[in-house]
Amino acid sequence: MTDVLSENATQNTAAAPSQSGPNLTDFVTRAANGKAADGRRDLVGLSRDQLTELLGDMGESKFRVKQMWNWIYNRGVRDIEDMTNISRKLRDRLSQDYYVGRPVLTADQKSSDDTHKWLMKFHDGNEAETVYIPDRNEDRGAVCISSQVGCTLTCKFCHTGTQLLVRNLTPGEIVSQFMVARDSYNEWPTPANGIRRLSNIVMMGMGEPLFNYENVREALKIAMDGDGISISRRRVTLSTSGVVPEIVRCGEELGVGLAISLHAPDDDLRNELMPINKKYPLKELMNACRHYPGMANSRPITMEYVMLKGVNDKPEHARALAKLVKGVHCKFNLIPFNKWPGSDYECTPTADIKRFAHTLLECGYEAPIRWPRGRDILAACGQLKSESQRQRKSRAGGCAKASGDDAANVVAAQ
Ligand code: SAH
Ligand code: SF4
């Protein structure tokens, strides 16, 4: 995998969103989901109940809640002033204490294959990555969203795992990543005919979403609300390293698609690659998968499997995998390993990955290979981030590297 930004790729730093709206300085002072410098609070990320309470305290009816929800999440307005069917008096009162925020874009890169990546800065200066991966054949694609800045887990093949967790992202910071993507593609109001370029959400960016479950849940509830952003739960996928207690809860409360970062067919190897396995070993993980609500009906669970040369890529590993997942309605996704500076692993050669896929197929399991997407900007972004790290002791993106590929495959499968 080349580490050079291709001539076709574009890279802009500190780019402001393309639509008209508040300028960059405005974004800085009114950043997402924290209190702005002037003490005002962001409306983005409040649940419907919270918004109802807030407006109720001002003596307003539920009808107002619906109107405001529509402005923020269906029309995408970024200024209370633009909510024109709300009385001037109420707009003025709201503007005294609240605002409609967006994170600041500190980098905005587009790949030669149209994959698009943003680095977003939140109110305290922390940053996370968001990636849009358009489908190769259709006019749609997935937005890959981060749930944390950094990660507490230390999966050995993952660059993010080499960095300490900085913090969980709030519901507003999570959902606003999608809203920035929509700003960028001018996809407001929510397209009513179902045809939209930003059609899917994958929780596969930085961080472990089930270690920030409640905030992720609130953000996804906002994203899936039919009166606003309105992404169907069938078009949302959450990827986890295997936080067993939250898996079934996630299925029950959200009903979104599930992807498991499996990466090994037995506990010994998985303990070595993914320390979380010591806490939640494979037997418990497979049990949680068997009980994942909705699993039996339609959408198979996606078993993600990173191909590490000489480590987990032998035919016997494939056969052991097939045995392991018996009784789980699932398919595999084989991910060629994305190398990062200092990593101990190499990617399995393509011919061996294909052989591995074939062995799984012989055992009855589909195993498409995730060919990398947005290679040029991902590499370039790696450079950008090391720059950021030196300056800001910030994070990196082994996982984000995988995210583009992951998202592309998840969309293709839907
Ligand atoms: N923390 C969650 C979601 C983010 S990671 C999880 O672990 O599932 C998204 C995917 O990228 C995971 O399947 C992860 O295992 C994979 N991944 C991480 N580093 C990688 C790398 N260097 N090459 C290929 N895939 C990688
Ligand atoms: Fe964290 Fe997922 Fe990376 Fe593991 S693979 S370190 S859980 S982001």
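I count a salt bridge when a side-chain nitrogen of Lys or Arg lies within 4 Å of a carboxyl oxygen of Asp or Glu. By that rule I find 23 salt bridges in the structure.

Ground rules, noted before I go on. This is a predicted model, where local features need pLDDT of at least 70, side-chain atom pairs count only at pLDDT 80 or more, and totals for chains, interfaces and linings use all residues. Residues are numbered from 1 along each chain as its sequence is written, chains are lettered from A and ligands numbered from 1 in the order in which they are written, and side-chain values use heavy atoms, with hydrogens and water left out.

**Entry: salt bridges**

I looked up D225 and R48. Their side chains meet in a salt bridge, N to O at 2.8 Å. D225 sits in the loop between helix 6 (213-224) and strand 11, and R48 in helix 2 (residues 48-57), so the pair ties together parts 177 residues apart in sequence. Helices (H or I, at least four residues) and strands (E, at least two) are DSSP runs, numbered from the N terminus.

Next I checked burial. Buried means under 20% relative accessible area, exposed over 50%, and partly exposed in between (1.4 Å probe, protein chains only). D225 is buried at 16%. R48 is partly exposed at 25%.

I then took E60 and R64. Their closest N and O atoms are 3.2 Å apart in a salt bridge. E60 is partly exposed at 24%, while R64 is buried at 18%.

D313 and K314 form another salt bridge, with the closest N and O atoms 3.3 Å apart. D313 is buried at 8%. K314 is partly exposed at 35%.

I also noted a network of salt bridges. It links E214, R217, E218, K221, E246, R249 and E253.

**Entry: ligand 1**

How many residues surround ligand 1? I get 23, and the closest are G207, S239, S261, H263 and N338. A residue is near if one of its heavy atoms lies within 4 Å.

An oxygen atom of ligand 1 is 2.6 Å from a side-chain N or O atom of S239. I read 2.6 Å for S261 and 2.6 Å for H263. The protein covers 97% of the 530 Å² of accessible area that ligand 1 has on its own. Such areas come from the Shrake-Rupley method with a 1.4 Å probe.

Which element gives the largest share of the shell? Helix 14 does, with four residues.

Terms used
A polar contact is a pair of N or O atoms within 3.5 Å; within protein, one must be able to donate a hydrogen and the other to accept it, and residues adjacent in sequence count only if both atoms are side-chain atoms.
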